There are 2 protein chains.
Amino acid sequence: MSGLKILDCTLRDGGLTNNFFFEDSFVKDLYRTNVEAGVAYMEMGYRASKDLFKESDFGKWKFCDEEALREIVGENPTGMKLSVMADVGRTNYERDILPKKESVLDMIRIATYSRTIDEAIDAVEFCHSLGYETTVNIMAISNDDPKTVARALEKLAASSVDVIYLVDSFGSFYPHQAAALARQYVDIAFPAGKQVGIHAHNNQQLAFANTIEGMRNGASMLDVTVNGLGRGAGNCSAELLVGYLMGQGVSCREEPLIRFIEKHMLALKEAGVVWGYDIPYLLTGQRNQHPSKAIEFIRECRTQYTDFLRELAL
Amino acid sequence: MSGLKILDCTLRDGGLTNNFFFEDSFVKDLYRTNVEAGVAYMEMGYRASKDLFKESDFGKWKFCDEEALREIVGENPTGMKLSVMADVGRTNYERDILPKKESVLDMIRIATYSRTIDEAIDAVEFCHSLGYETTVNIMAISNDDPKTVARALEKLAASSVDVIYLVDSFGSFYPHQAAALARQYVDIAFPAGKQVGIHAHNNQQLAFANTIEGMRNGASMLDVTVNGLGRGAGNCSAELLVGYLMGQGVSCREEPLIRFIEKHMLALKEAGVVWGYDIPYLLTGQRNQHPSKAIEFIRECRTQYTDFLRELAL
């Protein structure tokens with residue numbers, strides 16, 4: 001169990017619920033909390049291109065400027081590493097990713113679809129050449145045929161990427177499927193000297209179960225968010241995974257997370273930020289569809305679930 | 001998959017959240033919904049002894065008088081069977097369980113601790129002699145040593161019971177543990193011609209995952225409640241399991257459940273009935289403790305989770 005690494009992406013996936021408008025006090029406390037809890041990597045947000053996204057529409061964690069990062073972490077004098085996510089097609093890598101020695105970041109996570117795997121690998125090689133650790137997170141594989149996924153994995157195995165991520169974008173996988181996929185990823189990644197990560201969504205209340213099953217089948221970089229904060233049904237809750245890992249003898253601590261939830265997450269809910277398991281997310285997850293329609297439905301405060309079910313079938 | 005049977009215990013476990021004060025319209029619609037959804041057994045509530053529980057303190061589903069049952073189901077002219085739960089020590093079996101031919105019930109579920117397994121078996125033999133199907137649900141086994149559980153299972157294997165239930169009373173089991181326990185139960189039950197059931201709680205967001213894993217390892221009677229309604233963190237949600245089983249080709253339907261949730265469960269929440277995953281339930285589940293302290297904490301509308309965490313450690 002010693003090689004396990006928890007990655008907290010509360011700001012990044014959670015930022016999709018509030019357009020990244022987190023208070024500095026939230027971000028500072030989260031940083032401290034993660035250090036105390038034994039989190040290995042904290043994802044600070046996206047590094048999205050300001051050519052594509054208007055700065056005034058988003059909080060600063062959509063862009064993660066070095067200056068904004070340093071206001072929180074200084075030179076990051078901790079053992080915890082920092083990452084940002086940089087989506088293929090939404091990041092200007094050449095302009096916006098600085099050489100590692102000029103950045104407080106340690107890792108760039110590159111999100112892609114299987115159809116843009118070549119661009120993702122270009123981004124990996126560029127970030128690698130700048131001195132970063134890298135991951136590639138292939139999204140929406142539940143809609144890919146198995147051969148497409150296998151080909152993408154083979155290409156990644158031949159690249160400089162450090163970690164290949166199994167991603168359940170729609171929250172549609174069951175635990176035995178997550179286990180089988182993790183084994184497939186591991187079988188390709190390990191001989192190439194790479195690790196496997198897992199990023200789960202909670203549409204079917206399976207984010208935690210799928211994360212455990214992924215881990216038991218070789219995934220070692222485990223994505224969580226505090227209280228499951230994240231797009232739609234949210235993610236694997238940090239407090240669930242940390243509790244489990246403590247029971248397995250892994251060095252991590254739950255109490256800082258519980259304190260953070262008490263102090264910040266309740267306030268976030270009261271402020272109207274909405275996330276977590278709900279019927280519309282279940283229905284898109286079961287049908288292997290993107291949660292966008294469910295997010296829209298909930299944003300409109302609709303509760304006609306039966307109508308929604310029929311709309312999905314159209 | 002054809003031998004799988006869904007058992008809906010919304011009224012019974014859910015009744016622990018509102019002292020069984022369900023409106024008749026709720027119960028009637030739930031009955032129709034379960035028939036339409038393909039539920040095999042509907043548990044109508046408890047048959048608790050009126051010597052021990054004051055009638056005025058509870059809704060009628062705490063007692064499930066035959067008259068109350070027939071007001072809802074008539075002579076139950078459906079393929080769906082009906083059950084009540086009768087706890088060892090809380091039911092006057094001789095007085096309150098009628099001969100099968102005088103009752104609209106099909107099955108008596110006997111809940112017990114391992115230390116009262118002999119009384120449970122006496123109850124089984126009595127109910128069996130009256131003509132009922134029976135189950136025994138051994139509670140709180142996460143606090144028993146394995147030998148105690150094995151002994152109880154051996155005794156049940158030698159009894160007339162039809163179904164032996166794996167119960168995760170505290171929501172403390174992980175999926176691989178649920179799988180291993182299901183195999184242990186199956187190994188003793190099957191040679192004796194008995195089936196295995198599973199009843200899970202959602203303290204760690206694992207009720208659904210544990211139910212699937214139990215099923216994949218031989219459990220065939222699967223407890224659910226609509227929208228997970230149940231004591232504390234609640235149970236395995238019917239809509240989750242039915243969605244999964246439909247994907248496996250099992251003959252059941254999700255839409256009636258979704259319609260019921262839209263019509264009744266939202267109103268129940270608005271009326272102040274509280275259930276479902278929350279931090280205090282997580283903390284008791286992780287520590288393998290009864291949720292009573294968490295239920296009390298939430299009833300008092302407290303949110304000092306860190307204090308609660310420390311109280312649990314005392």
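Me: Is A:Ala152 buried or exposed?
Reply: In this predicted model, the count to look at is that of the C-beta atoms around the residue, and A:Ala152 has 25 others within 10 Å. A residue counts as buried if 20 or more other C-beta atoms lie within that distance of its own. With 25 such atoms, A:Ala152 is therefore buried.

Me: In which helix is the place of A:Ala152, and which residues does A:Ala152 touch, not counting those up to four places away in sequence?
Reply: The helix that holds A:Ala152 covers residues 146–157 of chain A, and this is helix H6. Leaving out residues up to four places away in sequence, the ones that A:Ala152 touches are A:Ser114, A:Ile117 and A:Ile138.

Me: What distance separates the C-alpha atoms of A:Ala152 and A:Val88?
Reply: These two residues of chain A stand 64 residues apart along the chain.

Me: How many helices and strands does chain A have, and why can chain A be called as compact as a globular protein of its length?
Reply: Chain A is built with 13 helices and 8 strands. For its 314 residues the globule rule gives 20 Å, and because the radius of gyration of chain A is close to that value, the chain is as compact as a globular protein of that length, with a radius of gyration of 18 Å.

Me: How do the directions of H2(A) and H10(A) compare, and what is the handedness of their crossing?
Reply: The axes of helix H2 (residues 24–37) and helix H10 (residues 255–270) of chain A come within 9 Å and cross at roughly 165°. Because angles over 145 degrees count as roughly antiparallel, H2(A) is roughly antiparallel to H10(A). Among the residues that meet are A:Phe26 and A:Leu30 in H2(A), and A:Leu257 and A:Phe260 in H10(A). The crossing of H2(A) and H10(A) is left-handed.

Me: Which helix gives the largest share of the side of chain B that touches chain A?
Reply: In the contact between the chains, 29 residues of chain B meet 29 residues of chain A. The elements giving two or more residues to the chain B side include helix H7 (175–189), helix H10 (255–270) and helix H13 (305–313) of chain B. The largest share, 6 residues, comes from H10(B).

Notes:
Residues are numbered from 1 along each chain as its sequence is written. Chains are lettered from A and ligands numbered from 1 in the order in which they are written. This is a predicted model: local features need pLDDT of at least 70, side-chain atom pairs count only at pLDDT 80 or more; totals for chains, interfaces and linings use all residues. Two residues are in contact if their C-beta atoms, placed from the backbone, lie within 7 Å. Helices (H or I, at least four residues) and strands (E, at least two) are DSSP runs, numbered from the N terminus. Axes are lines fitted to C-alpha atoms, for helices over the stretch in contact, and angles run from 0 to 180 degrees between N-to-C directions. Angles under 35 degrees count as roughly parallel, over 145 as roughly antiparallel, 65 to 115 as roughly perpendicular and the rest as oblique. A crossing is left-handed if the near helix is turned anticlockwise from the far one by less than a right angle, and right-handed if clockwise. The radius of gyration is taken over C-alpha atoms; the globule rule is 2.2 Å times the number of residues to the power 0.38. A residue is buried if 20 or more other C-beta atoms lie within 10 Å of its own, exposed if 12 or fewer, and partly exposed in between; C-beta atoms are placed from the backbone.
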